[in-house]
Amino acid sequence: MIIPIFPLPICLLPQGYTQLRIFESRYKRLVSESLKSGQGFGLCMLADDKKTILPIGTLTEIIDFETLDDGLLGISVQGKQTFSINQIDVEHDGLKRADVTLIDSWPSDLIEAQVAQPHIKPLERKKDQFLSKTLKQLLQQYPQHLAHYSDDNFNDIAWVCQRWLEVIPLSAKEKYQCINSHDHLLAKSFLFDIIK
């Protein structure tokens, strides 16, 4: 699959939501192409040097757009699925296009269903509930973001860990370590140590 990519020093993961301001002509072209094709674009996190594109990104869909007060184009986007980058080509105006392979999302892990799973210790369940509740309290300060999520989302600790990775001020290297894992457990352990 070949898609245009937008390298940024932010993290957006599947089912996540964010808003972007578009001012460079190559990214206006990316937005225009993405809207016409319906295929979306790749949002790729930059490494801590703010130059190197990390090899895992998120296929992203534009769900709304507007002209901002300063005349710039504002877009609202939602993460669809992670991918790994096979190769990047740079076009005449600097727009990057990548050949990517889609990656399976982290499996869901419902907090309320954990009661029926004897291998999950009550302490682990309390950690999950704490991370979920604290995230919801944080997002209440950003009602526009919170409006894109349902109460059911907060019952999935894998989803909760992804939202934390988007908002918590960690280095790109630390976030990438978690994202590059096949499930949410590394991220959960890392996040709980920071937030508790």
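**Figure 1. Arginine 97, a buried residue in a predicted model**. Arginine 97 has a relative accessibility of 18%. The cut-off for buried is under 20%, so arginine 97 counts as buried. Its side chain meets that of glutamate 91 in a salt bridge, at 2.4 Å from N to O. Glutamate 91 is partly exposed, with a relative accessible area of 25%. The side chain of arginine 97 also forms a salt bridge with glutamate 33, at 3.0 Å from N to O. Arginine 97 belongs to strand 6 (residues 96–102) and glutamate 33 to helix 1, so this pair ties together parts that are 64 residues apart in sequence.

**Figure 2. Glutamate 33 and arginine 29 in helix 1**. Both residues lie in helix 1 (residues 25–37). They are 4 residues apart, about one turn of the helix. Glutamate 33 is partly exposed, at 25% relative accessible area. Arginine 29 is also partly exposed, at 24%.

**Figure 3. The salt-bridge network**. Side chains of opposite charge can pair when their charged atoms come close. Which residues are linked in a network of salt bridges? They are Arg29, Glu33, Glu91, Asp93 and Arg97.

**Figure 4. The buried face of helix 5**. Helix 5 spans residues 172–179. Ala172, Lys175, Tyr176, Cys178 and Ile179 are buried there. Seen down the helix axis, these buried residues fall within an arc of 160°, so they line one face of helix 5. What covers the buried residues of helix 5? The cover includes two strands, strand 3 (41–46) and strand 4 (53–67). It also includes helix 4 (157–167) and helix 6 (185–195).

**Figure 5. Glutamine 144 and its contacts**. Glutamine 144 lies in helix 3, which covers residues 143–146. Is glutamine 144 buried or partly exposed? Its relative accessible area is 45%, so glutamine 144 is partly exposed. Not counting residues up to four places away in sequence, glutamine 144 touches Tyr17 and Gln19. Glycine 71 is 73 residues from glutamine 144 in sequence. In space, the two are 21 Å apart, C-alpha to C-alpha.

Figure 6. From the N terminus on, the elements run β-β-α-β-β-β-β-α-α-α-α-α. The C-alpha atoms fill a box of roughly 55 × 35 × 30 Å along the principal axes. The radius of gyration is 17 Å. For 196 residues, a compact globule would have a value near 16 Å, so the chain agrees with that expectation. Buried residues make up 46% of the 196 residues. Among contacts between residues at least 6 apart in sequence, 64% join residues at least 24 apart. The chain exposes about 10,500 Å². Carbon and sulfur atoms supply 53% of that area.

Conventions
Residues numbered from 1 in each chain as written. Predicted model: local features only at pLDDT ≥ 70, side-chain atom pairs only at ≥ 80, totals over all residues. Heavy atoms only, no water. Buried < 20%, exposed > 50% of the residue type's maximum accessible area, 1.4 Å probe, protein only. Contact = heavy atoms within 4.5 Å. Arc of directions from axis to C-beta. Salt bridge = Lys/Arg side-chain N within 4 Å of Asp/Glu carboxyl O. Rg over C-alpha atoms; globule rule 2.2 N^0.38 Å. Areas by Shrake-Rupley, 256 points an atom, 1.4 Å probe, with all protein chains shown as cover.
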